[in-house]
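Thanks for coming. Please look at the structure while I talk.

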Amino acid sequence: MFDVMEEQNHMAPLASRLRPESLEEFAGQKHLVGEGKLLRRLIDQDQIPSMIFWGPPGVGKTTLASIIARTTHAEFINFSAVTSGIKEIREVMERAEKARQRGKRTVLFVDEIHRFNKAQQDAFLPYVEKGSITLIGATTENPSFEINSALLSRCRVFLLKALETGDLMELLNRAITSPKGFGYLKIEISQELLEKIALFANGDARAALNTLEMAVINGQIREDGSTLVDQETLEQCISRKSLLYDKKGEEHYNLISALHKSMRNSDPDAAVYWLARMLEAGEDPLYIARRLIRFASEDVGLADPQALPLAVAAYEACHFIGMPECSVNLSQTVIYLSLAPRSNSAYTAYEACKKDAQDTLAQPVPLVIRNAPTGLMKELDYGKGYQYAHDCPEKMARMQCLPDNLKDRRYYYPTEEGREKELKAKLDKVRAWRES
């Protein structure tokens with residue numbers, strides 16, 4: 001029988017009940033908190049500098065802060081950028097300054113620090129500079145863009161990565177057996193279904209635990225009091241059967257191949273369909289956006305130079321607004337790329353160069369195009385005979401820029417598709433002039 005306190009504890013959300021209290025219980029981020037790693041040493045030695053935890057949701061930023069709160073001998077203040085303004089910041093800073101004057105350190109944790117505007121972030125700066133506070137900020141956004149440069153320069157940035165499937169599997173199994181999780185119940189769920197939950201969570205521990213909790217709550221209670229979570233129960237909790245496809249298995253690569261080849265075949269209907277199949281299956285939109293960036297150069301290339309910046313813009317849109325809103329940004333880009341003129345000349349040029357480059361890594365740079373910043377280099381004929389193209393009537397010179405053994409080699413063969421037709425005409429004239 002449980003007492004009232006235990007019953008209340010089991011009413012709390014699973015993710016809250018399982019929040020690690022020590023680094024030994026912490027899942028993932030071994031590159032930061034593994035034995036001997038920098039952040040691990042700083043925490044163990046209670047020598048925390050001002051720092052920023054940067055990473056996607058559910059990877060342990062707040063949890064790391066709570067572990068520091070348990071281990072540090074400094075006063076620890078938890079602060080939220082969502083509910084606080086300048087007034088609250090100043091009150092906390094005054095409190096920290098008084099503590100400093102008494103010889104007491106203050107560690108201030110600011111969750112979602114990117115939500116503070118410039119003026120609010122500036123309010124921290126003098127107190128960080130004189131050591132009144134040790135600031136720990138957590139953000140899902142790139143600190144280079146979202147944190148004031150003056151404040152950022154005084155903080156160490158630690159990048160927290162999305163959890164691996166193995167990390168999530170370990171966490172889910174602990175949730176099933178731990179007294180703080182579902183250890184007080186008899187849960188029957190296969191490792192295969194736990195792996196599907198881990199894959200669906202896409203590196204987010206909180207999402208994995210929330211999904212497991214929902215599945216257990218909706219599981220079948222048997223006569224012996226045990227709870228069965230089967231495939232059908234899990235699919236109902238996730239709502240979409242297609243979400244359970246393996247993002248690292250064959251189907252993952254089949255779908256991205258189908259998207260790529262449909263675009264290459266100028267079939268926007270099929271391309272958008274495969275895009276939807278991937279997004280509705282829970283695929284990371286940034287992964288798809290990266291593939292579109294590759295396609296823009298490999299398959300469209302210089303036939304439409306605007307394809308690449310559009311694909312990069314789609315990636316930025318996915319980063320800024322996420323799913324489900326960014327689906328339309330990806331759809332727009334997929335349709336554009338499907339109907340853009342085709343040229344793989346940039347791809348074939350690099351592939352042709354690659355082997356030659358590997359085989360001639362020791363070939364010297366022609367003296368004429370070497371830099372000569374010192375007198376000795378000039379004496380050795382570095383840069384001798386170099387002609388500044390802008391000073392030439394044709395805005396180009398007849399200098400040899402390839403190594404001697406490759407001087408007549410051609411790699412770039414432009415097509416006559418789209419804008420590249422203009423480049424081909426210009427290049428033909430350039431090559432004819434150089435050979436004349």
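Start with confidence. Among the elements of the chain, helix α18, residues 327-339, has the highest mean pLDDT, at 96. Helix α1, residues 4-11, has the lowest, at 49. This is a predicted model, and pLDDT is the predictor's own confidence in each residue, from 0 to 100. The chain as a whole averages 84, and 93% of the residues score at least 70.

One is residues 1-8, where the model has 4 contacts beyond four places in sequence. The other is residues 240-245, where the model has 21 such contacts.

Back to α18. Ser331 is found in that helix. It counts as buried, because its relative accessibility is 19% and the cut-off for buried is under 20%. Leaving out residues up to four places away in sequence, Ser331 touches Val272 and Leu275.

In the loop between α17 and α18 sits Pro324. The peptide bond that runs from Met323 to Pro324 is cis, with omega near 5°.

Next, cysteines. How many disulfides does the structure hold? The number is 0. Take Cys326: the closest cysteine sulfur belongs to Cys318 and is 3.7 Å away, which is too far for a bond because a disulfide needs the two sulfurs within 2.5 Å. Cys326 is buried, at 0% relative accessible area. Cys353 is in no disulfide either; the nearest cysteine sulfur, in Cys401, is 13 Å away. Cys353 is partly exposed, at 27%.

Asp46 has phi near 55°, and its place is the loop between α4 and β1. Asp46 is buried, at 14% relative accessibility. Glu112 has a phi of about 55° and lies in the loop between β3 and α7. Glu112 is partly exposed, with a relative accessible area of 25%.

On to helix α19, residues 345-359. Its 15 residues reach 22 Å from the first C-alpha to the last, close to the expected 21 Å. Which residues of α19 are buried? They are Ser345, Ala349 and Asp356, and they pack against α21, residues 420-435.

Last, salt bridges. A search of the whole structure finds 19. One of them joins Arg100 and Glu97, with N to O at 2.7 Å. Both residues lie in helix α6, 3 residues apart, or about one turn. An α-helix has 3.6 residues a turn, so residues three or four places apart point the same way. Of this pair, Glu97 is buried at 12%, while Arg100 is partly exposed at 34%.

Another salt bridge joins Asp299 and Arg264, at 2.5 Å from N to O. Asp299 is in helix α16 and Arg264 is in helix α14, so the bridge ties together parts that are 35 residues apart in sequence. Asp299 is buried, at 7%, and Arg264 is partly exposed, at 37%. Through shared partners, salt bridges join Arg264, Arg294, Glu298 and Asp299 into one network.

A further one links Arg419 with Glu422, where the closest N and O atoms are 3.7 Å apart. Arg419 is partly exposed, at 48%.

That is the end of my part.

How values were computed:
Residues numbered from 1 in each chain as written. Predicted model: local features only at pLDDT ≥ 70, side-chain atom pairs only at ≥ 80, totals over all residues. Heavy atoms only, no water. Helix = DSSP H or I, 4+ residues; strand = E, 2+ residues; numbered from the N terminus. Expected span 1.5 Å × (residues − 1). Buried < 20%, exposed > 50% of the residue type's maximum accessible area, 1.4 Å probe, protein only. Contact = heavy atoms within 4.5 Å. Salt bridge = Lys/Arg side-chain N within 4 Å of Asp/Glu carboxyl O.
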